[in-house]
Amino acid sequence: MHDSQDHDQDEDLVSKSQLKRDAEAQQELGRQLVDLSVGKLDKMPLDEELLEAILLAQRIRNKREGFRRQLQHIGKMMRHRDTAPIEQALHELEHAHHEQNALFHQLEKYRDAILADGDSAIQDFLADYPLADRQKLRQLYRQAQKQQQQGKPPAAARELFKYLREVATV
């Protein structure tokens with residue numbers, strides 16, 4: 001019976017190296033939070049004490065030693081909290097950012113296709129976004145063509161992209 005109790009205690013022990021890796025992971029999570037804007041921090045599930053520490057780190061970023069110590073302090077604070085909700089919120093924020101970038105690139109492709117092909121590309125866009133105004137798309141296409149022929153700045157092409165983004169994000 002004594003041997004099984006010692007075996008249970010051995011399983012509960014964590015190596016110093018593992019503890020150090022865990023502490024560094026918590027500090028890195030804290031650094032990621034410090035790198036976020038205030039608007040994004042507001043969306044994170046942070047308690048007031050941790051939020052204050054993060055905001056202080058942001059304010060003293062240019063003070064090298066103070067900033068380093070503040071990051072260590074944030075890492076220490078993180079070790080005493082359940083960080084799973086924070087990690088999940090960071091993951092969702094990153095995922096939303098990637099989705100936004102993908103949409104932006106897709107809209108750029110639509111704009112370029114409309115400027116190159118006209119009606120067939122407009123039809124393709126309308127197939128994906130049926131609420132778009134065909135007449136407005138054609139009007140912007142014609143304006144962009146006219147501006148390009150006259151050597152004017154591509155104001156209508158920018159307006160076309162704005163309209164595509166407006167339609168896609170509704």
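**Terms and values**

Guide: Gln26 has its place in helix 2 (residues 16-34), where helices (H or I, at least four residues) and strands (E, at least two) are DSSP runs numbered from the N terminus. This is a predicted model, in which local features need pLDDT of at least 70 and side-chain atom pairs count only at pLDDT 80 or more, while totals for chains, interfaces and linings use all residues. Residues are numbered from 1 along each chain as its sequence is written, and side-chain values use heavy atoms, with hydrogens and water left out.

Visitor: Why is Gln26 called buried?
Guide: Buried means under 20% relative accessible area, exposed over 50%, and partly exposed in between (1.4 Å probe, protein chains only). Gln26 has a relative accessible area of 16%, so Gln26 is buried.

Visitor: With which residues is Gln26 in contact, leaving aside its neighbours within four places in sequence?
Guide: They are Gly75, Met78, Arg79 and Thr83, contact meaning heavy atoms within 4.5 Å.

Visitor: What makes Phe104 count as partly exposed?
Guide: Phe104, in helix 6, has a relative accessibility of 34%, and therefore counts as partly exposed.

Visitor: How do you know what helix 9 should span?
Guide: The expected span is 1.5 Å times one less than the number of residues. For the 14 residues of helix 9 (residues 155-168) that gives 20 Å, and the end C-alpha atoms are 20 Å apart, so the two agree.

Visitor: Which residues of helix 9 are buried, and where do they lie?
Guide: The buried ones are Ala156, Ala157, Leu160, Phe161, Tyr163, Leu164, Val167 and Ala168. Seen down the axis of helix 9, they fall within an arc of 160 degrees, so they line one face of the helix; the arc is that of the directions from the helix axis to the C-beta atoms. They pack against helix 6 (84-117), helix 7 (119-128) and helix 8 (134-149).

Visitor: What describes the packing of helix 7 and helix 8?
Guide: They pack at an angle of about 145 degrees, with their axes 11 Å apart. Axes are lines fitted to C-alpha atoms, for helices over the stretch in contact, and angles run from 0 to 180 degrees between N-to-C directions.

Visitor: Which residues make that contact?
Guide: Helix 7 contributes Asp119, Ile122, Gln123, Phe125 and Leu126, and helix 8 contributes Arg134, Leu137, Arg138 and Tyr141.
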